[in-house]
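Please keep the structure in view while reading.

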Amino acid sequence: MEHKVHPEPLLPSASPSSSSRASFSMTARREVYTLWMKSLVFSGNGCAVYDSTGRLAYRVDNYDRKCSDEVYLMDHGGRTLCKILRRKLRVFGRWEGYRCHDSERAEKRPWFRVKKDDGILRRSKSREIEVMVGCSKGKESCYRTEGLGTKLAFKIKDLAGRTVAEVGRKRTEGGVVLGEDVLMLVVEPNADRLLIMGLMVVCGLIKQNM
């Protein structure tokens, strides 16, 4: 059975408001989002993120390209919040995230770096990523994923092993599992929601879902 997601109309871009600035704040309580792994532009490659009230919160539009080396995470109106670049290495992939200001200007230094471990040495189908925020030399990774296997379902954990976010298949109130392109993202309190969204995008690129 095919389950359709009905996105709300796109809103025009506007100057930064209190709601857009809140995108950079920490979560005060648990937040639940619905992920539709399709772009709003002709249902192309990308994703749309809806909050618990059904309003569009974030979006990624890759158009006809899949697994692009340069991806932009935007707010509901199309204002760029984060630019994500893939740095190609021989064995291990690496992505860098840059905060963006005024929708066009990105910071020169990476806000976060993501290093992928394909499990070559661990004989495992599960892929893990290590995340370093601030990107200072000698700084240890701040977060790791757990369970990023054949499907786009995983947990993001901090160094203490606490789960700060989790992505999995979305279910209806009656327990019916929706299509593979409809997921649920749960973000725990005291987490940077924009960072979590950026890491979700990177994981989607790793799994070739957008």
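A residue is called buried when its relative accessible area is under 20%. In this predicted model, buried residues make up 47% of the 210 residues in the chain.

**The chain as a whole**

- The secondary structure, taken over the chain, comes to 2 helices and 13 strands.
- Among the contacts in the chain that have a separation of 6 or more, 40% are accounted for by residues 24 or more positions apart.
- The chain has an accessible surface of about 11700 Å², and carbon and sulfur atoms contribute 49% of that surface.

**The aromatic pair**

- The count of aromatic pairs comes to 1, and this pair is formed by W111 and F112, whose rings are arranged edge-to-face, with 5.5 Å from centre to centre and 70 degrees between the planes.
- Are W111 and F112 buried or exposed? W111 counts as buried because its relative accessible area is 9%, and F112 counts as buried as well, because its relative accessibility is 0%.
- Two values are given for the pair because a pair of aromatic rings is described by the distance of the centres and the angle of the planes.

**Charges over rings**

- Which ring has the charged end of R99 over it? The charged end of R99 sits over the ring of W111, at 3.9 Å from the ring centre, and W111 is also the ring that pairs with F112.

Note on methods
Residues are numbered from 1 along each chain as its sequence is written. This is a predicted model: local features need pLDDT of at least 70, side-chain atom pairs count only at pLDDT 80 or more; totals for chains, interfaces and linings use all residues. Side-chain values use heavy atoms; hydrogens and water are left out. Helices (H or I, at least four residues) and strands (E, at least two) are DSSP runs, numbered from the N terminus. Buried means under 20% relative accessible area, exposed over 50%, partly exposed in between (1.4 Å probe, protein chains only). Contact means heavy atoms within 4.5 Å. Accessible areas come from the Shrake-Rupley method with a 1.4 Å probe; for residues, only the protein chains shown count as cover. Rings of Phe, Tyr and Trp (its six-membered ring) pair if their centres lie within 6.5 Å; planes under 30 degrees apart count as stacked, over 60 as edge-to-face and the rest as tilted. A charge sits over a ring if NZ of Lys or CZ of Arg is within 6 Å of the ring centre and within 35 degrees of the ring normal.
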